[in-house]
Amino acid sequence: MESGKILELRQLIEACKSNPSFIHDPSLSFFKSYLLSLGARIPPNPKTEPVDVDDIVESDIDLDDSDLVEPDNDPPLKMGDPSAQVTPDMIDAAQLAKSRAIDYISQNKLDQAVEQLTEAILLNPHSAILYATRASVLLKLKKPNAAVCDADTALKINQDSAKGYKVRGMARAMLGLWEEAASDLHVASKLDYDEDIGMALKKVEPNVRKIEDHRRKYERLRKHKEEKRAELKKQEAAEAQVQEALSALKDGQVIGIHSAFELEKKLNAASKTSRLAILYFTAAWCGPCRFISPVYTNLAGKYPKVVFLKVDIDEAADVAGRWNVASVPTFFFIKNGREVDSVVGADNNALERKIAQHASPL
């Protein structure tokens, strides 16, 4: 072997010694399978739980939350009876109350404005604009939850209420509900755009983009986590198959084969563990076979990681027929399910030479 390759192999082994978990790297699966085929004990793969990325944690995002307010939990304001019969006089009285509310708003007497708008709503509970107007005042009072409640009612009455969408979008922005806020504000801008909506969107949309980027990042992490889990399951299944195959083999012993099914099982086990298998055809009446059989048994003890199989052609004639055995003793050398060499006759030197040649992993 070239000195450069020997150095690389030595470096690989030193790396595995310093960090045993290194052997679980998918790129080294061939080396790991080979070690298992030799009966090596592989340290368990450390089961460190990855960070749970199933939920988006917005606290991890650098959002502009300078205008957020504490959610209000005041008792709900009085709402009108949607089934009430409203007379023209009640509508006129509601308009007067609304006018007084507008005056209070201009004087920045917001609590009084809310009182007047509540009176108007009780008089005319079918007016979407009254609810939307009270919602806008509640917004000025930094009561976003109450504003959202009124805006919802306004939109139930009139699903095309631009003011309802606008106020609800701004209230949701105050609560940090950025994506919901952006959705409302975009609808409001289509129905009746104004500068306030534009300014609100300039504040909300950058946060929405950051959240979307954050979600895409976590989706990639989630996908990567799922792929790693699938790869781990695949590796564990492969290791289990190797261990199962090893349990079917007998290191250092000659395994008698009595049927084609039994032979197929042993050859599959040899392939899964990357071991050389030797298929020896013999017969009780064969003189040369009596000479070579003890040699074959001794070689099994000398090469314990080679699978030594033995078939009596009279006992398992179907197996001999499948392999077209014309004389005994005959030896077939099989690697990964494929015949790579053979020896015909009781030539013990040729037999051991070929075992040494094909059993070598390098």
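Select Ile-255 first: its bridge partner is Leu-309, in β3. Strands here are DSSP E runs of at least two residues and helices are H or I runs of at least four, numbered from the N terminus. The model is predicted, so local features need pLDDT of at least 70 and side-chain atom pairs pLDDT 80 or more, while totals for chains, interfaces and linings use all residues. Residues count from 1 along each chain as its sequence is written, and side-chain values use heavy atoms, without hydrogens and water.

Now show β1 and β3. They pair in the parallel sense over four bridges; pairing takes at least two DSSP bridges between two strands.

Widen to the open sheet. Its five strands run β1-β3-β2-β4-β5, with mixed pairing. The edge strands, β1 and β5 (338-344), each pair on one side only.

Next, pick Phe-281. Beyond neighbours within four places in sequence, its contacts (heavy atoms within 4.5 Å) include Val-311, Trp-323 and Phe-332.

Finish at α4, residues 110-123. Its 14 residues should span 20 Å at 1.5 Å a residue, and its end C-alpha atoms are 20 Å apart, which agrees. The expected span is 1.5 Å times one less than the number of residues. Leu-110, Leu-117 and Ile-121 are among its buried residues (under 20% relative accessible area, 1.4 Å probe, protein chains only). Their cover includes α3 (88-106) and α5 (128-140).

Note on methods:
Buried < 20%, exposed > 50% of the residue type's maximum accessible area, 1.4 Å probe, protein only.
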